[in-house]
Amino acid sequence: MTLPVLQADCSQCFALCCVLLPMQKGESFPVTKSGGRPCHNLGADDRCGIHADLTEQGWSGCVAFDCFGAGQQVSQVTYAGVSWREHDNLGEMAAVLSVMRQLHEMLALLDEAVRRSEPDAGPLIEHLVGLIGGTPDELLAIDIDDLRSVVGAVLSETSRRVRAGWPDALDLAGQDLAGRDLRELDLRGAALRGALMLGVDLRDCDLTDADLLGADLRGADARGADLSGALFLTIAQRAVLRT
């Protein structure tokens, strides 16, 4: 079984995130844009005109966004290379992109579960790989909530088993830790799933086997931190860290 590429390859995508997704003026974006309308920074070649300076110009939301490779899958496979410029139903394409992104995110997390020797992850990966090749109608008919529940149970079991090697590990799952200095805590094997960690100080911390699934790490200072063995830390989460 061959997994799709689970990292964004913008060269194979029609800049779907820049067109199909809405933006709200605020901390992450300097303008408000409705879904289905191309960003004013997007060129005719489907490339961003300010890509090198996104953060400096207030577009940190673009830097933090990760489609997990769904953009190129939708562009090249689902719609067989037909650009949004030639498509008359951008609402459908946006909905398909949303479904595909969630499928790819689940595949990325399950792939890590496999690498952590989780026996139940393999069959689920095969099932999801079968789903991503579907037509737009087939993709939109998927019960994403039900699928997320099934995948979530496997990821929870993976986390429980991995962190069992740290019997005294902290359980900070879902807690509001925003702005706190966590350097004095032993975070190895810690449960940090869904924690609010805005601007926390993680400098030089060891997060081996710490479960970071869904943790909000925007602005967290991770300079010198060991994140190499962290559990379920995504590219999108890494993008918003201070390193």
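Predicted model: local features only at pLDDT ≥ 70, side-chain atom pairs only at ≥ 80, totals over all residues.
The model's local features need pLDDT of at least 70 and side-chain atom pairs count only at pLDDT 80 or more, while totals for chains, interfaces and linings use all residues. Residues are numbered from 1 along each chain as its sequence is written, and side-chain values use heavy atoms, with hydrogens and water left out.

Helices here are DSSP runs of H or I with at least four residues, numbered from the N terminus. The axes of α4 (residues 90-115) and α5 (residues 121-132) come within 9 Å and cross at roughly 155 degrees. That makes α4 roughly antiparallel to α5, a label for angles over 145 degrees. Axes are lines fitted to C-alpha atoms over the stretch in contact, and angles run from 0 to 180 degrees between N-to-C directions.

Contact means heavy atoms within 4.5 Å. On α4 the contact with α5 includes M100, L103, H104 and L110; on α5 it includes A121, L124, L128 and I132. By class, this contact has 14 nonpolar, two polar and one charged residues. Nonpolar covers Ala, Val, Leu, Ile, Met, Phe, Trp, Tyr, Cys and Pro; charged covers Asp, Glu, Lys and Arg; the others, Gly among them, are polar.

The largest nonpolar core has 40 residues, of which L16, L103, L110, L128 and L155 touch the most other members. Such a core is a set of buried Ala, Val, Leu, Ile, Met, Phe, Trp, Tyr and Cys residues joined through side-chain atoms within 4.5 Å. Elements giving two or more residues to this core are α1 (16-20), α3 (70-78), α4, α5 and α7 (144-163). The largest share, 11 residues, comes from α4. Apart from this core lies another, of 23 residues, among them L202, C205, A215 and L227.

L103 is found in helix α4, and N89 in the loop between α3 and α4. L103 is buried, with a relative accessible area of 0%, whereas N89 is partly exposed at 33%; buried means under 20%, exposed over 50%, and partly exposed in between (1.4 Å probe, protein chains only).

Two C-alpha separations are tabulated below.

| Pair | Apart in sequence | C-alpha to C-alpha |
|---|---|---|
| L103 and D146 | 43 residues | 12 Å |
| N89 and F14 | 75 residues | 15 Å |

Not counting residues up to four places away in sequence, L103 touches L128, L131, I132, L139, I142, I144 and L147.

Conventions: Parallel < 35°, antiparallel > 145°, perpendicular 65-115°, else oblique.
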